[in-house]
Amino acid sequence: MSASPEAVTTSRSPAAALTGRWQPVGLGQARITGGFWAPRQLRNGEQAIPSGQGQLESAGNLHNLRLAAGIGEGEAIGPVFADSDVYKWLEAVAWEYARNPSEDLLERQRELTAIVADAQREDGYLDSVVQLRYGDEGRYQQLVWSHEHYCAGHLIQAAIAQVRCTADRGLLEVAIKLADHLVANFGDDKTVDVDGHPVIEMALVELYRETGTQAYLDLARWFVEARGHGIISNHGHEPTYFSDRVPVREAATVEGHAVRAVYLAAGATDVALETGDAELLEALKTQFAHMWATKTYLTGGLGARWEGEAFGDEHELPSDRAYAETCAAIGGIQWAWRMLLATGDAKYADAIERMLYNGFLAGVSLAGTEYFYVNPLQLRGAAHADNNRSPAHGRRGWFDCACCPPNIMRTLASLDGYLASTSADALQLHQYAEGAVAADLPGRGSVGLKVETAYPWDGAVRLTVEQTVDGPWAVELRIPQWAEGATVNGTPTEAGEYARIEREWSVGDVIELQLPMATRVVAADPRVDAVRDCVALERGPLVYAVEQSDQQADVDDLHLLPEASVASSYDPELLDGVTVLTARGRAGTGHQAGAWPFEPGRTDQVGDEVEITAIPYYAWANREVGAMRVWLPRG
């Protein structure tokens with residue numbers, strides 16, 4: 001294994017797949033310049049990332065690494081996985097530098113990288129909390145809970161982002177040394193064990209893509225294949241929580257801790273892609289389809305249970321007790337992106353859109369510096385905060401378990417890398433954002449498009465050719481499943497697929513995509529008991545919610561009239577500018593206070609008509625903390 005291999009890929013992408021149907025277009029080639037996402041990225045870069053370093057300082061994460069590096073005195077502070085939050089933050093810094101280079105970001109990166117390098121042991125091992133609390137003899141002794149591989153995975157991902165975006169190799173050298181240590185210590189003829197929290201699998205595959213070192217791909221494959229064979233249960237732990245009950249290639253669904261499950265699935269998809277393992281990829285298709293059909297919230301949220309932060313059973317999707325951790329939505333996006341690159345199936349881009357605009361975006365405030373860890377679809381008016389992560393607290397600047405904030409930072413900073421891809425003769429657009437996309441068609445040269453749109457408020461997307469090559473090539477545009485009646489240059493096209501426009505192009509040529517933005521009143525499968533006989537409102541990619549701030553009556557008592565028409569209007573002054581939905585409903589009359597609530601023949605009583613106002617779900621709890629719900633009874 002080389003200590004300083006030459007990079008195989010120069011793509012500035014979080015997942016620079018070397019194989020698959022499509023190749024990602026990285027940051028710099030795909031660029032968001034305005035519209036919906038640009039101000040969110042701006043706040044992330046100017047406010048969240050700098051303040052995140054201060055939070056890591058206050059919480060003790062940086063203190064631990066300094067102690068491990070021989071700087072200062074004291075004891076380790078915080079959870080055993082504290083290093084991982086530093087590495088996610090460093091990854092965010094690198095992607096942000098690619099978007100908006102600055103000496104300040106570069107200096108922050110180099111300062112922390114030097115500390116991390118000094119904390120690493122000579123043999124490559126690195127985990128500051130384990131080093132400080134348990135010493136060398138404590139390594140990998142409690143791998144099911146210690147998160148040592150999890151921390152290593154996030155370090156590797158940060159190092160790859162850093163070298164791709166800044167060309168600095170300091171953290172990459174640390175990552176290679178650590179990966180070589182793992183290769184030397186884990187596998188069938190070595191230590192047979194797996195980390196309780198996957199992510200190392202994705203990281204090792206990406207390091208293989210960056211360096212070409214086969215041993216990293218081989219170890220990633222070993223970690224994936226080792227699951228489900230009794231390793232964790234042999235340590236005395238129940239395996240479902242750790243996605244270790246069934247081998248990955250035999251599983252028919254996802255289960256257990258939601259973040260762990262989707263991180264593992266994303267890593268397994270990477271392995272399937274780079275090894276050409278069609279059987280494994282088919283199993284992952286089955287798992288994703290089952291998750292999407294039976295274990296995913298309308299918002300794209302993942303994880304129904306506070307207990308174990310876990311997926312529930314099929315159709316177990318309670319609104320008020322939804323966990324739907326922000327990190328799970330991020331992991332879901334990462335998995336869906338890899339499935340999209342592997343298959344070219346539009347349903348994965350649709351899934352990314354749903355998770356991105358709803359399950360993920362609800363996790364961060366409009367200001368960009370306050371967060372939700374948990375994302376329920378209902379908060380009752382009488383709810384009170386009984387947990388550090390309870391949404392009844394309101395959005396928080398940080399958490400004791402702070403996995404979500406830096407995860408949000410790195411996702412927003414790298415968002416440009418999820419917009420587009422290429423194949424031999426085509427450029428695909430998966431997500432619509434104001435900006436530009438330029439990419440190389442293999443052996444032919446560069447093509448480029450300018451993208452103008454007010455999406456998601458307006459369904460018009462105007463594409464102008466800015467670069468082209470000789471001969472025909474194609475533009476492939478995702479038509480969302482919800483966009484029935486969409487047109488390309490006035491011609492109807494199928495929803496849920498990619499519209500392919502192939503011709504010889506000239507600079508200045510225009511494509512006009514029109515996605516209908518009719519409001520949809522949707523109902524759930526009746527097996528989703530928690531919201532049976534209820535409906536929710538959607539418009540474009542957005543799920544809507546009713547929040548107490550906007551209502552004439554208590555949110556807990558609202559009913560939507562059965563045949564109510566829904567009007568939409570754009571309010572530029574509300575919540576950074578949103579399209580608001582209004583409809584007629586009724587307020588429940590309630591029952592006598594203190595009376596026994598169960599009796600024969602009781603019906604759901606409704607009273608006077610009221611106007612119901614709905615805002616995008618992602619924007620709730622940005623004014624005050626109060627009652628909110630996505631699903632409304634009909635009546």
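Leaving aside neighbours within four places in sequence, Asn622 is in contact with Ser365, Leu366, Arg395, Glu547 and Leu575; contact here means heavy atoms within 4.5 Å. This is a predicted model, in which local features need pLDDT of at least 70 and side-chain atom pairs count only at pLDDT 80 or more, while totals for chains, interfaces and linings use all residues. Residues are numbered from 1 along each chain as its sequence is written, and side-chain values use heavy atoms, with hydrogens and water left out.

Back to Asn622. The residue sits in the loop between β20 (606-616) and β21 (628-629). Helices (H or I, at least four residues) and strands (E, at least two) are DSSP runs, numbered from the N terminus. Ser365 lies 257 residues from Asn622 along the chain, yet their C-alpha atoms are separated by 6.4 Å. Asn622 counts as partly exposed because its relative accessibility is 24%; buried means under 20% relative accessible area, exposed over 50%, and partly exposed in between, with a 1.4 Å probe and protein chains only.

Now the whole protein. There are 16 helices and 22 strands. Of the 635 residues, 62% count as buried. Among contacts between residues at least 6 apart in sequence, 68% join residues at least 24 apart. The C-alpha trace spans about 75 × 70 × 45 Å along its principal axes. A compact globule of 635 residues would have a radius of gyration near 26 Å, and the protein agrees with that at 24 Å. That radius is taken over C-alpha atoms, and the globule rule is 2.2 Å times the number of residues to the power 0.38.

Next, helix α16 (residues 404-413). How many of its residues are buried? The count is 10 of 10. Among them are Cys404, Ile408, Arg410 and Leu412. The buried residues of α16 pack against α1 (37-59), α3 (82-99), α7 (148-166), α12, α14 (326-343) and α15 (346-360).

Helix α12 (residues 258-275) also packs with helix α9 (residues 200-211), at an angle of about 30° and with the axes 7 Å apart. Therefore α9 is roughly parallel to α12. Axes are lines fitted to C-alpha atoms, for helices over the stretch in contact, and angles run from 0 to 180 degrees between N-to-C directions; under 35 degrees is roughly parallel, over 145 roughly antiparallel, 65 to 115 roughly perpendicular, and the rest oblique. The contact includes Met202, Val205 and Tyr208 of α9, and Leu264, Asp270 and Val271 of α12.
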